[in-house]
Amino acid sequence: MKAREIRRLRKATGLTQLPFAQRAHISPMKLSLLECGHVKATPEDIEAIRRVVLDEARRRRQELQQILGDAELAGIGVNA
């Protein structure tokens, strides 16, 4: 996984480096070095990054489903 891909994935989650690193159980310094391309991601780093991105995607999906459900309960049409 290339540095720009790591940065793109992290930014897509909406998380800054510190909370992302904490969730991935890697140091913020290592995440910074990975994103700058100064160190190469290990298979463990890649799996940790993947896990955080997928967890955040699931959380956002649930949040959006809740918003849609609330809108339907309020009588707001959500079908376009």
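Which side chains does a polar contact of 3.0 Å join? The model is predicted, and in this model the contact runs between the side chains of Asp-45 and Lys-30.

Asp-45 belongs to helix α4, which covers residues 43-73. With a relative accessible area of 3%, Asp-45 is buried, because a residue counts as buried under 20%. Leaving aside residues up to four places away in sequence, Asp-45 touches Ile-26, Lys-30, Leu-34 and Lys-40.

Helix α4 also packs against helix α1, which spans residues 3-13. The axes of α1 and α4 come within 9 Å and cross at roughly 25 degrees. Because angles under 35 degrees count as roughly parallel, α1 is roughly parallel to α4. The crossing of these two helices is left-handed. On the α1 side, the contact is formed by Ile-6, Leu-9, Ala-12 and Thr-13, and these meet Ile-49, Val-53, Glu-56 and Arg-60 in α4. Sorted by type, the residues of this contact are five nonpolar, one polar and two charged.

Another pair of helices is α2, residues 17-24, and α3, residues 28-36. Their axes come within 8 Å and cross at roughly 110 degrees. Angles of 65 to 115 degrees count as roughly perpendicular, so α2 and α3 are roughly perpendicular to each other. Helix α2 contributes Gln-17, Leu-18, Phe-20 and Ala-21 to the contact, while α3 contributes Pro-28, Leu-31, Ser-32 and Glu-35. Here the residues divide into five nonpolar, two polar and one charged.

Methods: Residues are numbered from 1 along each chain as its sequence is written. This is a predicted model: local features need pLDDT of at least 70, side-chain atom pairs count only at pLDDT 80 or more; totals for chains, interfaces and linings use all residues. Side-chain values use heavy atoms; hydrogens and water are left out. Helices (H or I, at least four residues) and strands (E, at least two) are DSSP runs, numbered from the N terminus. Buried means under 20% relative accessible area, exposed over 50%, partly exposed in between (1.4 Å probe, protein chains only). A polar contact is a pair of N or O atoms within 3.5 Å; within protein, one must be able to donate a hydrogen and the other to accept it, and residues adjacent in sequence count only if both atoms are side-chain atoms. Contact means heavy atoms within 4.5 Å. Axes are lines fitted to C-alpha atoms, for helices over the stretch in contact, and angles run from 0 to 180 degrees between N-to-C directions. Angles under 35 degrees count as roughly parallel, over 145 as roughly antiparallel, 65 to 115 as roughly perpendicular and the rest as oblique. A crossing is left-handed if the near helix is turned anticlockwise from the far one by less than a right angle, and right-handed if clockwise. Ala, Val, Leu, Ile, Met, Phe, Trp, Tyr, Cys and Pro count as nonpolar, Asp, Glu, Lys and Arg as charged, and the others, Gly among them, as polar.
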